[in-house]
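Subject: Handover of the model

Hello,

Here is the structure for your files. My notes on it follow below.

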Amino acid sequence: MKVARSLLELRQMRPELNQDLGFVPTMGALHKGHQSLMAMAREECRAVLVSIFVNPTQFGPGEDLEAYPRPLEADLEKCRQMGVDLVWVPQVEDLYPKGAQTAVVVEPLGQKWEGESRPHHFRGVATVVTKLLLATRPQRAYFGEKDLQQLQLIRRLVQDLLFEVEVCGVPIARAENGLALSSRNSYLSPEQREQAGQIFQGLQAALAAYKEGATADTIEATFRGHLEQTLSEAEVERLDLITSDFGRNFRGEELVENGFLSVAVRYAGVRLIDQVELCS
Ligand code: AMP
């Protein structure tokens, strides 16, 4: 496995990879969720490239940019185990040259839901993903369904900017207790991680209510009620029942048809996101 530690090195090494390249962009602190993206890329493509870059522009003021874990050597070892061909670890100046002024916005999609909770987040995501795709020129790029709105936004971006890349979504990888794997789970103690499985249980309870034909209000109340009973210290920062085309929210007494229940829960100071598909 090769490691490129700058844009220049990537440009030197990229031609060695063939023209059937799968790309997995990450922020590092790799876990089995990232590895499931790599496994799918390994299965579907002749070469696999992973990037590790903690993108400053997608963090808001007061968020965890500095604290974000950066265990580079362990990450490289995990990539090696997954049979990755090339890991690109760019420097901030590689992706944001001095004096950079250009950004990519995907709006209104990027302003809604997660974008409402984190106002500059998707502008940062869209900008960095555009740069990463231009620099790596993959045939396929892999993104997790854990960040479902991000996946939707990247599909939109790729279509709008005429990128010749196939965007591939990968199902959420979970811990045994259902907690969606995330680099931010490392901020939690083992006991807290165990407790945080209740977020998944709450989503399952909401899914069961949906299957019984519940209204939007009842589905929301089911999730909130479950969390109040089982994880009372947690705060639901965002809860959205979104139509499957990401067009709008289901609300009130409306019966929910196909869509997603998407939540952001703050627990023990950590913002955890998760979702479940509601479909019959
Ligand atoms: P991150 O390093 O958190 O920016 O994530 C890099 C990629 O891995 C994104 O496409 C995420 O959606 C994906 N990812 C992160 N956690 C998971 C998970 N638990 N299951 C599936 N994909 C994930």
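Before the details, a word on the source. This is a predicted model, in which local features need pLDDT of at least 70 and side-chain atom pairs count only at pLDDT 80 or more, while totals for chains, interfaces and linings use all residues. Residues are numbered from 1 along each chain as its sequence is written, and side-chain values use heavy atoms, with hydrogens and water left out.

The ligand

Helices (H or I, at least four residues) and strands (E, at least two) are DSSP runs, numbered from the N terminus.

Polar contacts are pairs of N or O atoms within 3.5 Å; within protein, one must be able to donate a hydrogen and the other to accept it, and residues adjacent in sequence count only if both atoms are side-chain atoms. In the side chain of D147, an N or O atom is 2.6 Å from an oxygen atom of the ligand. Backbone atoms take part too: a polar one of M27 is 2.9 Å from a ligand oxygen, and a backbone N or O atom of G144 also lies 2.9 Å from an oxygen atom of the ligand. Taken alone the ligand exposes 480 Å², and the protein buries 93% of that (Shrake-Rupley method, 1.4 Å probe; for residues, only the protein chains shown count as cover).

Strand β2

Six of the six residues of β2 are buried (under 20% relative accessible area; exposed is over 50%, partly exposed in between; 1.4 Å probe, protein chains only). In a regular strand the side chains alternate between the two faces of the sheet. In β2 both faces are covered, with L21, F23 and P25 buried on one side and G22, V24 and T26 on the other.

β2 pairs with β3 (residues 47-52) in the parallel sense over six bridges (two strands pair if DSSP finds at least two bridges). T26 stands opposite I52 in β3. β2 also pairs with β5, again parallel, over two bridges, and there G22 has R140 as its bridge partner.

Backbone points to check on screen

Most residues other than glycine have a negative phi, and most peptide bonds are trans. A cis peptide bond joins E107 and P108, with omega about 15 degrees; P108 is in the loop between α4 (92-95) and α5 (114-117). W113 lies in the loop between α4 and α5 as well and has a positive phi of about 45 degrees. W113 counts as buried because its relative accessibility is 5%.

Regards
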